[in-house]
Amino acid sequence: MIKEIKDRRSIRKYDGREVPREMLEQIIAAGMCAPSAKNRQPWKYVIVTGSAKRDALSAMERGIEREKREPFLPESAGSITDAEHTLKVMRQSAAVIFVVNTLGAELSRTLSVDERVYEICNAQSIGAAMQNMSLAAVELKLGSLWVCNTFFAQQELNKWLNTGGELFAALAVGYASESPAPRPRKPIGDTIEWKK
C-alpha cells in the first residue's frame, strides 16, 4: 500500500510556520490530477493565507453565528460546536484551500434526477481531488484537515469567495504539531460483500 495513504491523518494542531507558495501549488497540482466525470474538472481552488485567511474565517464565523439564530441546516444544529472547533483549527493552519464546484447547483435548489446525478458525479470528482491533495500534503511533510464544516457558513463563504459555483470543501494545511495515532477502521470483512 502507498505509504502516504497509511500515514495520512486529520491534523488539528499546527505550529504556525508559513508554507511556501510552491508547496501549496504542488498540493493543487495533485488535486488537478484527480479523475473527473466526463473530464469536466469542476473545481476551482482558492488558497487563502495571511489577512485573506483572516477575512475568510471571519466570514465563516459570521455564518456559524447566523446558523445559531437562523439555521440553514436545522437538523445539524448539534454539530455547531464541532464547527466552532474546526474554525479554531483552520485559524492555526498556515493556509486554507477552498474548493469550489464551478458547475455546482445552489444547495437550496431542488434538482431534477439528471441534475442530481450530475451533482453526484461532480462531488465524486472533487472528493478524488481532495484525497489527492491530502496525500500530496503528507508527501511534502505537511499536515492537513479535510473540512466539511464550512457548510454551516455556506452563504457567507460563497459571498466572500465570489468565484461563481458552490463551495464544496476546504483543506486546512500547515506544519503539524501533533502526530495522532490512526483512528480505528471497520474490519475489512465487515465492509465487503462478494457476489459471484
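Because the model is predicted, local features require pLDDT of at least 70 and side-chain atom pairs count only at pLDDT 80 or more, while totals for chains, interfaces and linings use all residues. Residues are numbered from 1 along each chain as its sequence is written, and side-chain values use heavy atoms, with hydrogens and water left out.

The protein chain has a mean pLDDT (the predictor's confidence in each residue, from 0 to 100) of 94, and 99% of its residues reach 70 or more. Confidence is lowest in helix α1 (residues 3-7), with a mean of 89, and highest in α2, at 98. Helices (H or I, at least four residues) and strands (E, at least two) are DSSP runs, numbered from the N terminus.

The largest nonpolar core contains 27 residues. Such a core is a set of buried Ala, Val, Leu, Ile, Met, Phe, Trp, Tyr and Cys residues joined through side-chain atoms within 4.5 Å; buried means under 20% relative accessible area, exposed over 50%, and partly exposed in between (1.4 Å probe, protein chains only). Ile27, Tyr45, Ile97, Val99, Met133 and Leu142 have the most contacts inside this core. At least two of its residues come from each of α2 (21-32), β1 (43-48), β2 (95-101), α5 (113-139) and β4 (166-174), and α5 gives the largest share, 7 residues. Methionine 133 is in contact (heavy atoms within 4.5 Å) with Ile27, Ile28, Gly31, Tyr45, Ile97, Val99 and Leu171, leaving aside neighbours within four places in sequence. A second, separate core of 26 residues includes Ile80, Phe152, Leu161 and Leu167.

Helices α3 (residues 50-69) and α4 (residues 80-92) form a pair whose axes come within 11 Å and cross at roughly 170 degrees. Axes are lines fitted to C-alpha atoms, for helices over the stretch in contact, and angles run from 0 to 180 degrees between N-to-C directions. The two helices are therefore roughly antiparallel to each other, a label given to angles over 145 degrees. Among the residues that meet are Leu57 and Ile64 in α3, and Ile80 and Leu87 in α4.

Two residues of α5 remain. Asparagine 132 is found in helix α5 and, at 25% relative accessibility, counts as partly exposed. Asparagine 132 touches Ala30, Gly31, Cys33 and Ala34, not counting residues up to four places away in sequence. Tyrosine 118, also in helix α5, is partly exposed with a relative accessible area of 32%.

Key
Angles under 35 degrees count as roughly parallel, over 145 as roughly antiparallel, 65 to 115 as roughly perpendicular and the rest as oblique.
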